[in-house]
Structures are given as structure tokens and as C-alpha cells.
Amino acid sequence: MDSENSTIKDLPINLSAFGINDFRKEALMAGNVGGINLYLSYSYYTSLSESKDMFFRYNLLTSEISEIEFTTAFDMNSNHKFYAHGGYLYYFGMNFSGYLNAIVNNDPTYLCRVPVTGGEEEVLAEYRNYNERIVLVDGDTVITSDESSLYAFDVSKKKRTEIFNAKNNGFRLIETERSYYYYGNLYFLSKKYLF
């Protein structure tokens with residue numbers, strides 16, 4: 001959207017050059033903007049036990065799309081919620097045992113990052129919370145949430161700290177879709193218990 005002229009501009013997205021000929025809109029996710037690039041992900045299942053996860057860079061000036069090719073140790077990357085910051089894409093990876101099995105078995109997920117130019121994946125930490133998602137990244141800190149708590153992971157110290165627990169503060173849920181970091185403060189919505 002052009003904020004000065006209040007017009008909406010369509011961004012042409014064609015992924016056939018990357019072998020995606022049966023394009024499904026629901027499998028495409030927009031990430032955040034970094035510089036002149038909008039980061040995108042596309043994820044689809046090639047079979048019941050295998051998925052294909054891809055990252056793309058969309059140049060907002062030229063409309064050129066390029067794939068961010070990377071190597072991963074995981075069957076599945078939760079790139080439906082990723083974050084581009086400081087030259088890296090941050091996301092969670094996991095080995096695929098099926099969605100329900102992953103929750104029941106408490107399969108580990110791994111906080112990962114890969115350079116925005118592509119290359120080898122770096123595993124930053126192992127988690128035992130399948131529902132945890134990246135909220136944002138600032139400096140060397142990755143903010144994550146499982147909707148009941150907010151956490152800060154310090155990349156250089158490899159240390160994770162709980163920074164807000166909804167239940168302990170009289171709330172029941174944290175909504176992280178509308179979270180913002182501004183001048184050292186994290187702003188987010190949380191719902192109170194109604195009973």
C-alpha cells in the first residue's frame with residue numbers, strides 16, 4: 001500500500017522459476033521487510049511425511065524474486081513464522097513425526113538461523129515446546145512466545161529467559177501477532193481472566 005496516495009499495489013509473485021508450478025496461495029507467507037526486501041516463505045508437503053520449505057527475497061524496487069537456498073538438518077521448518085534481522089532469517093526446525101505425534105511425544109524443536117544470502121543453517125537452541133513461535137528479533141535477542149509466556153533468547157550467551165508469564169500476572173493469553181519493540185520496550189496484547 002502506498003501510504004501517501006492511499007492506493008493498494010499488487011505485488012506480482014510467480015514462483016514457477018523455482019519449480020513451483022502448482023502455486024497455492026495458502027502456502028505462501030510474508031515475513032518482515034528488511035531494507036528493500038520483503039522476505040517470503042513457501043511450504044508444502046511432498047508426501048505425508050515430507051515437506052519442502054523455501055525462503056525467498058522479494059525486491060520491492062524491482063519486483064525481482066530470488067530464492068534463499070539453505071541446507072537444513074530438519075524435515076520441517078516452521079517458516080510460517082520467521083523473522084529477518086541483522087543479515088539472518090530466524091525460524092524453528094523440527095524432525096517430522098506428524099503434527100499430532102510431535103505434540104504428544106513432546107518432540108524437540110530447534111531455534112535456527114540462516115544468512116539471508118543463503119547457506120548453512122545454524123542451530124541456536126533446542127526447545128521442548130512445539131507451540132513456541134518467534135515474535136521478533138532485536139540486536140542479539142530473539143523474542144519468542146507460546147501464547148502463555150514471552151521469552152528472550154540471547155544468541156551470544158545461548159541463554160533463554162522468561163520475561164513475562166501471563167498466568168502469574170493475572171492474564172490467560174498473550175497475543176503476539178501485534179507485538180512491537182520500541183525504544184527498549186516490548187508492547188503486546190494480553191487477555192485477562194474473565195472468571
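**Figure 1. Overall make-up of the protein chain.** The protein chain has 1 helix and 17 strands. Both kinds of element are DSSP runs numbered from the N terminus: helices are H or I with at least four residues, strands are E with at least two. The model is predicted, so local features need pLDDT of at least 70 and side-chain atom pairs count only at pLDDT 80 or more, while totals for chains, interfaces and linings use all residues. Residues are numbered from 1 along each chain as its sequence is written, and side-chain values use heavy atoms, with hydrogens and water left out. Of the 195 residues, 39% count as buried. Buried means under 20% relative accessible area, exposed over 50%, and partly exposed in between (1.4 Å probe, protein chains only). Among contacts with a separation of 6 or more, 38% come from residues 24 or more positions apart. A contact means heavy atoms within 4.5 Å.

**Figure 2. Strand 8 and its pairing partners.** Strand 8 spans residues 88-94. Of its 7 residues, 6 are buried. Strand 8 pairs with strand 6 in the antiparallel sense over 2 bridges. Two strands count as paired if DSSP finds at least two bridges between them. Met76 has Met94 of strand 8 as its bridge partner. Strand 7 (residues 83-85) also runs antiparallel to strand 8, with 3 bridges. Here Ala84 is bridged to Leu89. The hairpin of strands 7 and 8 has 2 residues between the strands, and Gly86 takes a positive phi near 60° there. Strand 9 is another antiparallel partner of strand 8, over 6 bridges. In that pairing, Gly93 has Tyr110 as its bridge partner. Strands of a sheet pair through backbone hydrogen bonds, either parallel or antiparallel.

**Figure 3. The largest nonpolar core.** This core holds 13 residues, and Tyr39, Phe55, Phe82, Leu89 and Tyr91 touch the most other members. A nonpolar core is a set of buried Ala, Val, Leu, Ile, Met, Phe, Trp, Tyr and Cys residues joined through side-chain atoms within 4.5 Å. Strand 8 and strand 9 are the elements that give two or more residues to this core. Strand 9 gives the most, with 3 residues. Leu89 has contacts that include Tyr39, Phe55, Ile68, Phe82 and Cys112, not counting residues up to four places away in sequence. Arg113, Val114 and Val116 are also among the residues that Leu89 touches. In soluble globular proteins, nonpolar side chains tend to be buried together.

Figure 4. The structure holds 11 aromatic pairs. Rings of Phe, Tyr and Trp (its six-membered ring) pair if their centres lie within 6.5 Å; planes under 30 degrees apart count as stacked, over 60 as edge-to-face and the rest as tilted. Phe74 and Tyr110 form a stacked pair, 4.8 Å centre to centre with 20° between the planes. Phe74 lies in the loop between strand 5 (70-71) and strand 6 (76-77) and Tyr110 in strand 9 (residues 109-115), so this pair ties together parts that are 36 residues apart in sequence. Phe74 is buried, at 11% relative accessible area. Tyr110 is buried too, at 17%. Phe55, Phe70, Phe82 and Tyr91 form one aromatic cluster.

**Figure 5. Arginines over tyrosine rings.** The charged end of Arg113 sits over the ring of Tyr88, 3.9 Å from its centre. Such a charge is NZ of Lys or CZ of Arg, within 6 Å of the ring centre and within 35 degrees of the ring normal. Arg160 lies over the face of Tyr151, at 3.7 Å from the ring centre.

Figure 6. Strand 12 is joined to strand 13 (residues 141-145) by 5 bridges. Asp138 stands opposite Thr141 in strand 13.

**Figure 7. Two loop residues with positive phi.** Ser63 is not a glycine, yet has a positive phi of about 65°. Ser63 sits in the loop between strand 3 (50-59) and strand 4 (65-68). Its relative accessibility of 28% makes Ser63 partly exposed. Lys158, also not a glycine, has a positive phi of about 55°. The loop between strand 14 (149-154) and strand 15 (159-165) holds Lys158. Lys158 is partly exposed, at 44% relative accessible area.
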